[in-house]
Amino acid sequence: MRVLVTMILLACCWLVLAPGTAPAAPVHVPQVPHETRCLAAGDLDGDGRIDLVLGNVGQTVLWMNQGNGVFVEAPASATPQVFFETNSLVLCDFDGDGDLDLFLGNGGWSGGTLCLWLNDGHGHFTDASERIPQDYAWTNGVAAGDLDGDGDIDLLLGRFTQSTLLLNDGKGHFAQANSRLPAVRTATAVVVLADLDGDGDLDIVLGNFLYERNRIWINDGLGHFTDETEARLPDDQNDTLALAVGDVDGDGAPDIVCGNGRLGGEQTRLYHNDGTGHFTDVTSTALPAVLCETHAVALIDFDGDGALDLVLGNASGPGGAQNLLWLNDGHGHFTPAPPGMLPVANDRTTCLLAVDLDGDGRPELVVGNGREGGEQTVVIRPVVAARRPRSAK
């Protein structure tokens, strides 16, 4: 349900260190609980370090990277002071001035106002939401990319009814272009953009709920989309609240992971791409058979063997649930990680983000938690481990 912040005074995974490998420095983050729904990362102030954005119920906040693993919360003056239920956000250079701007997709009982905040290049944002057509519909998921091939960054909004396409004029002014989308009304929780069929443009994956099947919309290269779900994607009746796209089996084609979260638990599903954008459900042979209320998924090389492993961010009622780490054998078959590799905590994880925070070439895992009333967001820093031998195919 929603495209990928940071906190645990320090977190590391207990793996066997490879010979001569020094432990990574700890990550220190603000000890401030938020009801966090979504995360984003990028260099906000132009200092060459990766900062973090927490989209919350309430005020969205910036956590600025000071170097040496230390983050501090930016002053209130750095962002517009508005209070929404922010379900999704993206950082991109929308106005073409070379810095990262911020788009917030909001919903909930506070309304569906869409927010565009423009960066001055130094990490100070001003409200430019008048550049976005406002229809006040509830937005669940947001994805950003050049959808019509004109070189600027467009937006796709996943919503309760009709998804919305917003095309950028290159200067950060957006126009609605829903006529380019299939006339399909779905309860969409999360959207992802990826070149599914290998033709060089961005296609759309929609993760849907309320017993509606997930969908694939194929791009003609100019931002006109065709619903090709029936021919390309197996049917399902899950509540897909999270999506991740990546090459898990090493064949060069992007596969799809669907994190499902209907009350009482559902099976996460894995769809392998044949290289042309046609998918096969390999869940029964490739994933552990575990039912979870999964709200977030992330693909990350957690154990340093070059293959993308899978993290499930789970929640189950107000008490929370244990997140899960499944390790990839390099060919797209996953097994539960040994105890201790992922810290144990019964959180209500709503979002996950794999990002290299310190520039060492190894991603950290940012875990955003969304318990009502606030919960600590956590950064987990995997330790470089001795590589596991891969089995032959």
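Cys38 counts as buried because its relative accessibility is 5% (buried, under 20% relative accessible area; exposed, over 50%; partly exposed in between; 1.4 Å probe, protein chains only). Cys92 is likewise in no disulfide. Its nearest cysteine sulfur, that of Cys38, is 14 Å away. Cys92 is buried, with a relative accessible area of 16%.

Residues are numbered from 1 along each chain as its sequence is written. Because the model is predicted, local features need pLDDT of at least 70 and side-chain atom pairs count only at pLDDT 80 or more, while totals for chains, interfaces and linings use all residues; side-chain values use heavy atoms, with hydrogens and water left out.

The largest nonpolar core has 16 residues. Such a core is a set of buried Ala, Val, Leu, Ile, Met, Phe, Trp, Tyr and Cys residues joined through side-chain atoms within 4.5 Å. Leu44, Val53, Leu62, Leu89 and Leu102 have the most contacts inside it. At least two core residues come from each of β1 (36-42), β3, β5 (84-92), β6 (101-107) and β7 (115-119). Strands here are DSSP runs (E, at least two residues), numbered from the N terminus. β5 gives the largest share, 3 residues. A second, separate core holds 15 residues, including Ala296, Ile300, Val311 and Leu365. In soluble globular proteins, nonpolar side chains tend to be buried together.

Contact means heavy atoms within 4.5 Å.

Ile300, a member of the second core, stands opposite Asp309 in β24. β23 and β24 (residues 309-314) pair in the antiparallel sense over 6 bridges. Two strands pair if DSSP finds at least two bridges between them. These strands belong to an open sheet of 4 strands, in the order β23-β24-β26-β27, with antiparallel pairing. β23 (294-300) and β27 (334-336) stand at the edges. Each has a single partner strand, so one side of each is left without a neighbour in the sheet. From one strand to the next, the twist averages 25° (axes are lines fitted to C-alpha atoms, and angles run from 0 to 180 degrees between N-to-C directions).

A hairpin is formed by β3 and β4, with 2 residues between the strands. The two strands pair in the antiparallel sense over 4 bridges. Trp63 stands opposite Glu73 in β4. Asn68 lies in the loop between β3 (61-67) and β4 (70-73). Its phi is near 60°, a positive value in a residue other than glycine. Asn68 counts as exposed because its relative accessibility is 74%.

Leu210 also has a positive phi, of about 60°, although it is not a glycine. Most residues other than glycine have a negative phi. Leu210 is placed in the loop between β14 (203-208) and β15 (215-219). At 53% relative accessibility, Leu210 counts as exposed.

The loop between β8 (125-127) and β9 (139-145) contains Ile132. Ile132 is buried, with a relative accessible area of 4%. Beyond four places in sequence, Ile132 touches Phe103, Leu114, Leu116, Leu155, Leu166 and Phe174. Ile132 and Asp347 are 215 residues apart in sequence. Their C-alpha atoms are 35 Å apart in space.

Ser129 is found in the loop between β8 and β9. At 11% relative accessibility, Ser129 counts as buried. A polar atom of the Ser129 side chain lies 3.2 Å from the backbone nitrogen of Leu116. Neighbours within four places in sequence aside, Ser129 is in contact with Leu114, Cys115, Leu116 and Gln134.

Notes: A disulfide is a pair of cysteine sulfur atoms within 2.5 Å. A polar contact is a pair of N or O atoms within 3.5 Å; within protein, one must be able to donate a hydrogen and the other to accept it, and residues adjacent in sequence count only if both atoms are side-chain atoms.
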